[in-house]
Amino acid sequence: MTADSIKKYIREHQIKNIKLAVVDMDGILRGKYVNTKKFLSALDKGFGFCNVIFGWDSDDVLYDKDSFTGWRDGFTDATAHIDPITMRILPTEDKQSIIFLADFSESKAAAVCPRSILKKILERLDGLGYSATAACEFEFFLFNETPKTARDKNFNNLEPITPGNFGYSVLRNSSHAHLYHEIMNLTEEMGMSLEGLHTETGAGVLEAAIEHSDALRAADNAAFFKTFVKVWAQQRNMMAGFMAKWSSKYPGQSGHIHISLQKKDGSSAFFDQNKTDGMSDVMRWFIGGQQKLMPKVLAMVAATCNSYTRLIPGFWAPTAASWGLDNRTCAIRAIPGTAKSQRVEYRVSAADINPHLALAAALGSGIWGIENKIEPLEAVTGNAYEIDFPAELQLPRTLTQAAEQFKNSKATRDLFGDVFVDHYAYTREWEDQQQRRAITDWQLNRYFEII
């Protein structure tokens, strides 16, 4: 929508509550309500947003080190600019409110803003003569809990909406049909329709596949989806969660990203009927770049300590930067098809992703592959877990290891800039430090009496 059409919509629908949000380093939407007068001024001129959102963690704890912002600059305001095309109505608020995303493309904060980082990568792709479409699919869990009851239980013995394993269950999606309908209606009304919604393996686990769109909108859709499915659930005294892995008893929750590239004329850049499996040179180099840089960009994709509990053999998640043709044991799945359907599935990502940064990493590494004509290793046939990959393709095992590889890579600095790499690597090291300070139930059970 244009600024003029937005103003007209607000007048005609008598919208009084307008929500503005930005994406922080962890992919969390941070925002506020503004009145119509303030919004119209901000739409034209931008508005000030405290840069503390890039200087604290997901628990609102300030980083010790002043990496980008901090006490030294007084946590100043950065100028955020509203992106008119991000307008969505909010069915969770009886359609009496609308929401917009903003970013910091024209200020110092652009160097670390996740949405601005993705826009930077898309501009680089445009310079090569291509555009990208993408889609995210999320596995998430639903519990008959509230934020209070979950904390009262110390997150133990939580009650999923359904027990046991029952993937692709018609029984379950029929018994809870009203929940499925509500989720699908919510996403459709918010402009991020689902292609599919079904049960997955695990107690109370669903999988939602969001329709594909241009890459920036795909990331916006994913951020909105994660936030407002949680809102929808909590309004019904349930909780929706997107941790990479919430229980050692079940596989982790994936957040796979599907990507395809188009030429300027709209034709597929990935499909070439004269090549083996229809894979163009561009697609092959794109996969080559993704494979070679995956260990280097993993911190942008597996961004929480919990992410690494999922990346173990035999749980539908990769342990090395592997690729294969329609092979779900690999980190990168090349999906053959027609000019309309040929694409790459980036399978290393989990449901806990920051969608803008994960997509920037997946696209950026592929762009680097195209620019440098990187050839991937031979495609994996069979079980990728049984293959001994070179050390340089083994994925980091902890968030700190991933942050180390990220900040020491020339390619990541070329793609994302020194300011972002230094700041983001520090935020991930901080995150891992917070985990190492914790005394877990596992440690108490194992050591309290016996050691």
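## Chatting through a predicted model

Me: Between which two elements is the loop where Gln14 lies?
Reply: Start with the naming: helices (H or I, at least four residues) and strands (E, at least two) are DSSP runs, numbered from the N terminus. Gln14 lies in the loop between α1 (3–13) and β1 (17–23).

Me: What kind of model is this, and what pLDDT does a local feature need?
Reply: Residues are numbered from 1 along each chain as its sequence is written, and side-chain values use heavy atoms, with hydrogens and water left out. This is a predicted model, where totals for chains, interfaces and linings use all residues, side-chain atom pairs count only at pLDDT 80 or more, and local features need pLDDT of at least 70.

Me: Is Gln14 buried or exposed?
Reply: The cut-offs go like this: buried means under 20% relative accessible area, exposed over 50%, and partly exposed in between (1.4 Å probe, protein chains only). Gln14 isn't a glycine, yet its phi is positive, at about 50°. Because its relative accessibility is 62%, Gln14 counts as exposed.

Me: Phe75 also has a positive phi, so is Phe75 buried or exposed?
Reply: Phe75 has a phi near 50°, and it isn't a glycine. You'll find Phe75 in the loop between β3 (47–50) and β4 (77–82). Its relative accessibility is 14%, so Phe75 counts as buried.

Me: How do α1 and α2 run relative to each other, roughly parallel or roughly antiparallel?
Reply: Axes are lines fitted to C-alpha atoms, for helices over the stretch in contact, and angles run from 0 to 180 degrees between N-to-C directions. Angles under 35 degrees count as roughly parallel, over 145 as roughly antiparallel, 65 to 115 as roughly perpendicular and the rest as oblique. The axes of α1 and helix α2 (residues 36–45) come within 11 Å and cross at roughly 175°. So the two are roughly antiparallel.

Me: How many nonpolar residues does the contact of α1 with α2 have?
Reply: Contact means heavy atoms within 4.5 Å. For the classes, Ala, Val, Leu, Ile, Met, Phe, Trp, Tyr, Cys and Pro count as nonpolar, Asp, Glu, Lys and Arg as charged, and the others, Gly among them, as polar. Here Ala3, Ile6, Lys7 and Ile10 in α1 meet Thr36, Phe39, Leu40, Leu43 and Asp44 in α2. That contact has two charged residues, one polar and, for the nonpolar class, six.

Me: Is the crossing of α10 and α12 left-handed or right-handed?
Reply: Helix α10 (residues 399–407) packs with helix α12 (residues 418–436) at an angle of about 165°, their axes 8 Å apart. That makes α10 roughly antiparallel to α12. A crossing is left-handed if the near helix is turned anticlockwise from the far one by less than a right angle, and right-handed if clockwise. This crossing of α10 and α12 is left-handed.

Me: And which hand does the crossing of α7 and α9 have?
Reply: Helix α7 (residues 215–234) and helix α9 (residues 355–372) pack at about 145°, with axes 8 Å apart. Their contact divides into eight nonpolar residues, one polar and two charged. As for its hand, the crossing is right-handed.

Me: How many residues are in the largest nonpolar core?
Reply: A nonpolar core is a set of buried Ala, Val, Leu, Ile, Met, Phe, Trp, Tyr and Cys residues joined through side-chain atoms within 4.5 Å. Those with the most contacts inside the largest one include Phe39, Phe104 and Leu363. The number of residues in that largest core is 139.

Me: Is Thr319 buried or exposed?
Reply: Thr319 has its place in the loop between α8 (281–301) and β13 (323–325). Skipping neighbours within four places in sequence, it is in contact with residues including Leu311, Tyr385 and Arg397. Because its relative accessible area is 15%, Thr319 is buried.

Me: How far apart in space are Thr162 and Val231, C-alpha to C-alpha?
Reply: Thr162 is in the loop between α4 (147–152) and α5 (170–175), and its 11% relative accessibility means it counts as buried. Thr162 and Val231 are 69 residues apart in sequence. In space, their C-alpha atoms are apart by 20 Å.

Me: What separates the C-alpha atoms of Gly196 and Glu137?
Reply: Gly196 is in strand β8 (residues 194–199) and is partly exposed, with a relative accessible area of 22%. Along the chain, Gly196 and Glu137 are 59 residues apart. Their C-alpha atoms are separated by 9.2 Å.
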